Amino acid sequence: MALVMEKHKMPEQDPKVRARNFQEVALGYDEDTAVAEAERCLNCKVPKCRQGCPVQVNIPAFIGKIKERDFDAAIDIIKESNSLPAVCGRVCPQENQCEKHCIMGIKGEPVGIGRLERFVADYQLAKNEEIKPIQFAEDAQKVAVIGAGPSGLSCAGDLAKMGYKVTIFEALHVAGGVLSYGIPEFRLPKDKIVRREVENLQKLGVTIEVNAIAGRLFTVDELMGEMGFDAVYVGTGAGLPHFMHIPGENLNGVYSSNEFLTRCNLMKAYDFPNHLTPIAIGKNVAVVGGGNVAMDAARTSLRLGAENVYIVYRRSEAELPARAEEVHHAKEEGIQFKLLNNPVEILGDENGWVKGLKCIKMELGEPDASGRRRPVAIEGSEFELDVDTVIMAIGNGPNPIVASTTPGMETNKRGNIIADEETCATTKEGVFAGGDIVTGAATVILAMGAGKKAAAAIDAYLKSKK
Amino acid sequence: MFKIMYKKELSPGIFHMDIEAPRVAKKAKAGQFIVLRVDEKGERIPLTIADFDVEKGTITLIFQVLGASTMQLSALNEGDSIVDFAGPLGQPSEIDGNMGTVVCIGGGIGVAPVYPIARAMHEAGNKVISIMGAKTKDILIFEDKMRAISDEVIIATDDGSYGVKGFVTTALQQLVDRGEKIDQVTAIGPGIMMKSVCDATRPLGIKTIVSLNPVMVDGTGMCGGCRVQVGDEMKFACVDGPEFDGHLVDFNNLMSRGRMFREQEAKAKEHVCNIGLGR
């Protein structure tokens, strides 16, 4: 049988239609397409794809089960390693992970591993099966997880499966971290996917306490002391928005991407006033930055009714940190890219509202320490962009609230918690940390990988203490 | 779910509610706030902690019905619950026993958040002179509570219906004129009131602490919606504050940012009225 060199296409909403709604863009495979895509897998003896997966899902095995149309067995295999497959199948940058190593990718396109993972995860969610709770031992040890983002959820899921009683403490009123407040509904549906994967984890036996702000309501020392936990995992993420510190950043109409996306995703401001959180958006929007968060903010702006949405980025297209697929989707929907431009001032009107963004043109100079060519301002090239809303999406730092209240747990000069790369152990005994709070802002799946490593290390630590 | 244990309308549109939240009550300190959400479709709103009772496990909130969410909250009764209640948030007030003479100023509903701070200052052994301001006598709140923990209380009403006629700054000026040696002023109230107090104390060189009330979403430092300009620095009121050195605060920007969602706020209020969630 001849090899099929290209991935089976996944149906998508028409760009013109979807640019004005919040429904999911990619619609997913049906059963026959999933089986046909699975047939493309060569079932390599040494499956390189697995090396690329931060949580080491047994990829050839689950794809093999899809070929046999045994979708239940396929999802069981994935769930041995991955607590949130419906999420990962959607938001992982597979081109840099599992699919990057796929042999089929050498001469053609790699197998659509992410699409297949998504297919079986959705298949199982649709069946709405009862989940059998874990039977914990009477004297099971207790682990506290701070933060219900991808790394905390992954760590908690693994620990529960090992028989530990896990409580996740989450500051917001909903679990999920960036999955709930950051990634938009049109890429990752909240009620249909995120909430249900979190609920399944709870049904398994993981306790989640929302509205519980570590560092304020209790400290790490209190968790390990009077609250009776045997170990703590800190997965608080990178949630502190950076600003440029240019004039005009406090004008009305200027948001951090975190605020903008939180209002929209977590608080459902797109459904205002049925949901009471407001969002104010103008006709012309500038999003500053070139990462996935910038693409999310830009595409959200369009869906809220903006007429012109610009991505303002100081480097060129080749350096855009966003996934190629996201850039492609953004362009299809009509986002305008203002590349090699850097904002120098936000201009305001007499009422304190944004009326323009003053930018300077840039050119690329010599490569910097990161290997990327450094953008250099072209003197005298300032110009004004006519906008009434500005969204800053230039990155996030670590929130200091937990580290500053935990004596003995050291941080580096950027405020990230220092933790062993392999074991996630911090400088404080019994306290582990992983995900963005350690590495700085990265990806969902890397955070999940860290949570998984930490779970194994916590297991080893607690066994050694018993 | 967080149960409403007590509710009373103190004066028209101003409510006292005690919310059952034992863990928050155990940790709360003067100067901190909470964020609550009334129901599943609600927004997150910050309210300063007006009192806390560790034994009963309750937090006292005093709020004025201004927009959709406070209207919804005011429509709930004792025994009803709200869905989310997170705190304590923000930095506690800096209080010790060597502050000397402190003037605590509360404008309007701002008297409520001033109360636990004034009480803590008093308990620490400082001399506390409290100034309470209101438009008119009928909307004055917490008078007995403030008298119980102050060495002296001065009341100022805009219309002169009670106490001194004029603003809180009028009362403050009287203290200065009589030669009272003031070591610190703490002022909480509407932006314009705090600005006026700061303008009055700046030339006198009196350290002035204000508690800011910008728009907030999460209240944990992740969005910067509550950012304020303090001197040369951008600060997030929810984690760096809410208290700041009033002489460094850009009040014009604070008040301007407070109007950012005014149009939407009117729409939300109308919506809540229409669907009958309000009073």
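Me: What should I know about the model before reading the values?

Reply: This is a predicted model, in which local features need pLDDT of at least 70 and side-chain atom pairs count only at pLDDT 80 or more, while totals for chains, interfaces and linings use all residues. Residues are numbered from 1 along each chain as its sequence is written, chains are lettered from A and ligands numbered from 1 in the order in which they are written, and side-chain values use heavy atoms, with hydrogens and water left out.

Me: What makes a residue part of the contact between chain B and chain A?

Reply: Contact means heavy atoms within 4.5 Å. By that rule, 50 residues of chain B and 46 residues of chain A take part.

Me: How much area is buried between chain B and chain A?

Reply: About 3,900 Å² is buried, 57% of it from carbon and sulfur atoms; buried area is the accessible area (1.4 Å probe) that two parts lose on being put together, summed over both. On the chain B side, B:Arg23, B:Met222 and B:Met260 supply 18% of what that chain buries against chain A, more than any other three residues.

Me: Why is the pair B:Lys26 and A:Glu226 called a salt bridge?

Reply: The term requires a side-chain nitrogen of Lys or Arg within 4 Å of a carboxyl oxygen of Asp or Glu. The N to O distance between B:Lys26 and A:Glu226 is 3.9 Å, so the pair qualifies.

Me: What makes A:Leu3, A:Met5, A:Leu42, A:Ile103 and A:Ile106 a patch?

Reply: Patch residues have over 30% relative accessible area and no salt bridge; like charges are joined within 9 Å, and nonpolar side chains (Val, Leu, Ile, Met, Phe, Trp, Tyr) within 5 Å. These five form a nonpolar patch with about 460 Å² of accessible area together, by the Shrake-Rupley method with a 1.4 Å probe, only the protein chains shown counting as cover for residues.

Me: Why is A:Arg69 listed for its phi?

Reply: Phi of A:Arg69 is near 60°, a positive value in a residue other than glycine.
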